[in-house]
Amino acid sequence: MTTLSDYSKFDNLKEDESDDDETSHLKSLTERTQEKTRNIANAPSPSQSQQENKAATSAHVGPMTRKSSSIPGRYIFSYNGRTIYEWEQTLEDVTMYVPTPHTTQIEASQITCQITATKLKLGLKGSPKLFIDETFFSKVNTHDSSWFLDKEESLINIILSKVYKGETWESVLSGNVNRVDPMTKQEIQKDLMLERFQEENPGFDFRGATFNGQPPDPRTFMGGVKHF
């Protein structure tokens, strides 16, 4: 099982990694921090609101799930200010976007990604440690699930097929620290309900539709949707 402190290890997962590699890991972090400092010093001065937002993100310690500011329906799980993965969902699927290690260019053949009905294991082949080794929020249909490496975007894309179509996933992985807040859950349910209405009524346009009060559960509303 992955502990939250392990999330900083992905950049350092190598075949010969051992517990003595902390020194080189800290050195790598120091070098990246110095480079960021130089870039910030040479960059134009941001507005006060941008400075406040940046300070709030940098000061956050521990796990945090927040909405993406650039991609609707996308959520970001971070730890100590570092993005661990982004994710989004439809009625049938949940998709994860995991940044690849920054220290080296990797190939898909170097990645180990095991998807079971209840658990995800992700890391680099030959390493004794896994970057992610956690259970899913709900059950996954492994037959229709897959993953691939997007080298241009430096992302590992993991597509998880829901066993229960229409189920609202509050997170990809289990644990309260990963879950979205109740208000965000309602927003997700609204999006899934509109997707369901569009699927069941293809001749209508539900863009911009709203609900009075809390959106219903897209999986069980009016007899529910078919699930596998």
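These legends go with a few close-ups of a predicted model. Local features need pLDDT of at least 70 and side-chain atom pairs count only at pLDDT 80 or more, while totals for chains, interfaces and linings use all residues. Residues are numbered from 1 along each chain as its sequence is written, and side-chain values use heavy atoms, with hydrogens and water left out.

**View 1. An open sheet of 3 strands, ordered β5-β6-β7.** The pairing here is antiparallel; strands are DSSP runs of E, at least two residues, numbered from the N terminus, and two of them pair if DSSP finds at least two bridges between them. β5 (111-115) and β7 (132-135) are the edge strands. β6 (residues 119-124) meets β7 over 4 bridges, with leucine 120 opposite glutamate 134.

View 2. Lysine 119 and aspartate 133 come together at 3.3 Å, N to O (the cut-off: a side-chain nitrogen of Lys or Arg within 4 Å of a carboxyl oxygen of Asp or Glu). Aspartate 133 is buried at 11% relative accessibility, and lysine 119 is partly exposed at 24% (buried is under 20% relative accessible area, exposed over 50%, partly exposed in between, with a 1.4 Å probe and protein chains only).

**View 3. The hairpin of β8 and β9.** Strands β8 (residues 140-150) and β9 (residues 155-162) run antiparallel over 7 bridges, and phenylalanine 148 partners asparagine 157. Of the 4 residues between the strands, one is serine 154, with a positive phi near 55°.

**View 4. Arginine 74 with glutamate 88.** Their closest N and O atoms sit 3.0 Å apart in a salt bridge. Arginine 74 is buried at 11%, whereas glutamate 88 is partly exposed at 22%.
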